[in-house]
Amino acid sequence: MEGHEHQCGGKGGHPCGANDNIKDAYSKMKHDNTGKMSGDYMKNMKNQMRLLFWETTAACNLECIHCRRLDVSKELAEDDMTTEESIKFIDELADAANPILILSGGEPLYRPDIFEIAGHASKRGLKVALATNGTLVDEEKAKEIKKADVQRVSISIDGADAKTHDNFRKIEGSFEGAIRGFNNLKKIGMSVQVNCTIAKHNVDQFEDIYKLALSLGSDALHVFMLVPVGCGVQIADDQMLTPDRYEEVLHQIYDKAQESKIHLKATCAPHYFRIMRERAKKEGITISPKTHGMAAMTKGCLAGTAVCFVSHKGEVFPCGYLPVESGNVRKTNIKDIWDSSAIFTNLRDISLLEGKCGVCEYKKVCEGCRARAFYDTGNYMAEEPYCVYQPKSVSNSK
């Protein structure tokens, strides 16, 4: 998905456009070592939409214990957006913004029209990614994915071995299926990344999961920290890491990221961007794309500011884990929802952050996880409950 330009020039020498998605922007500024261009991009002062996750269907062949869905079905739902509604939505999205469009589910490959949808989005100029559990990606499906001009496929692998992964996914053989699907895509030259949700069941396997991603030839490893929403609420007490353990894992991720062997991204882990700055300051390093890759161009919670989520029913949420509906694309143009939603407006105003998040010196680069705050308090602007950091103003007052 990366381009080949080395300078922030683009065609005709124009500067990096505000509407560049992160992949395009990174390709233009990855050799910058000042951090200025990436810092400006990170701030995203105009709140450009950069990632849109679309749950194309609720149907799935697995029953993962951490899934955000409480109503997983083996069959396509009657209230999934139709092909016609999907095409209309894509057209409105392409007219409004230039995000990377991630087709997810459920299991998106359950939709018989998923390649028509992906192909149309690509023709409209959107970069399209596909998020799948991998078990349905046989050699023929892999070819269809490539033909639809999907730029990257993410496959979820939630354990370093079959026992750990299959227990989490609740279907025996799902680990082998995911690996097989991954290899089928790599064989035909597709860009593939590993997604992994870290929780108590696999936290001690992080090193081995990292090595597995490297051995597979993965283009990236995106590490998701469990968010207690949907089915995650039911397993929160059993699977959520303690704040102290959470902090330790983020330091592990930082250490591995600095090896530069793979693009390693901490997701749903806003405190990572505070840790990255603490560590860089201690090491005397200026944060830039050259030193920290795409992590230098982004920040913590992006819900409603650079990211949004569209459900299979067309509901729009700030992210897939924050269940506060902001509109519905079946009724309202996505541009109008993005520009005018009161919920999105609140999330874009960091002065509304409460508790220690509101006074934290890192709030501009972290903001805390708004979904975890909502889970803990019912208030998405409350302080992040899984953060051990004490802001200087709080520490000094004690």
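Helices (H or I, at least four residues) and strands (E, at least two) are DSSP runs, numbered from the N terminus.

**Figure 1. Overview of the protein.** The model shown is predicted. The protein is built with 17 helices and 10 strands. It has 398 residues, of which 58% count as buried. Its exposed surface comes to about 16,900 Å², and carbon and sulfur atoms supply 49% of that area. Taking contacts between residues at least 6 apart in sequence, 70% link residues at least 24 apart.

**Figure 2. F53 in strand β1.** F53 belongs to strand β1, which covers residues 51-55. F53 counts as partly exposed because its relative accessibility is 28%, and the range for this class runs between 20% and 50%. Leaving out residues up to four places away in sequence, F53 touches I102, V307, C308, F309 and V310. The view also takes in G320: its C-alpha lies 7.6 Å from the C-alpha of F53, although the two residues are 267 apart in sequence.

**Figure 3. Helix α1 and its cover.** Helix α1 spans residues 22-29. Because 8 of its 8 residues are buried, α1 is largely enclosed by the rest of the structure. These buried residues are I22, K23, D24, A25, Y26, S27, K28 and M29.

**Figure 4. N21 at the N-terminal end of α1.** N21 sits in the segment before α1. A side-chain oxygen of N21 lies 3.1 Å from the backbone nitrogen of K23, and in this way N21 caps the N-terminal end of the helix. The side chain of N21 also has a polar atom 3.0 Å from the backbone nitrogen of D24. N21 counts as buried because its relative accessible area is 0%. Apart from neighbours within four places in sequence, N21 is in contact with Y41, R50, N98, I100 and K127.

**Figure 5. N195 in strand β5.** Strand β5 runs over residues 191-198 and contains N195. The side chains of N195 and Q193 are joined by a polar contact of 2.8 Å. With residues up to four places away in sequence set aside, N195 touches S154, I155, S156, I157, D158, H222 and F224. The relative accessible area of N195 is 11%, which means that this residue is buried, the limit being under 20%.

Figure 6. Most residues other than glycine have a negative phi, and most peptide bonds are trans. The peptide bond that joins G105 and G106 is cis, with omega about 25°. G106 is part of the loop between β2 (100-104) and α4 (114-123). C268 is not a glycine, yet its phi is positive, at about 55°. The loop that holds C268 lies between β7 (263-267) and α11 (272-283). C268 counts as partly exposed because its relative accessibility is 22%.

**Figure 7. The second largest pocket and E367.** The volume of the second largest pocket is about 320 Å³. Its lining consists of M42, K43, N44, M45, N47, K299, T305, R348, I350, K364 and E367. By class, the lining has 5 charged, 3 polar and 3 nonpolar residues. One of these lining residues, E367, is found in the loop between α15 (355-359) and α16 (370-377). E367 is a residue other than glycine with a positive phi, near 70°. E367 counts as buried because its relative accessibility is 6%.

**Figure 8. The largest cavity.** The protein holds 3 cavities of 30 Å³ or more. The largest cavity contains about 120 Å³ of space. It is lined by 15 residues, and those closest to its centre are C357, C360, C366, G368 and C387. The lining divides into 8 nonpolar, 5 charged and 2 polar residues.

Terms used: Residues numbered from 1 in each chain as written. Predicted model: local features only at pLDDT ≥ 70, side-chain atom pairs only at ≥ 80, totals over all residues. Heavy atoms only, no water. 1 Å grid on protein atoms, 1.4 Å probe; cavity = no way out; pocket = protein on both sides within 12 Å on 5 of 7 lines; lining within 4 Å. Points joined across faces, edges and corners; volume = space filled by probe spheres on them. Nonpolar A, V, L, I, M, F, W, Y, C, P; charged D, E, K, R; others polar. Buried < 20%, exposed > 50% of the residue type's maximum accessible area, 1.4 Å probe, protein only. Contact = heavy atoms within 4.5 Å. Areas by Shrake-Rupley, 256 points an atom, 1.4 Å probe, with all protein chains shown as cover. Polar contact = N/O pair within 3.5 Å; in protein donor to acceptor, adjacent residues only side chain to side chain.
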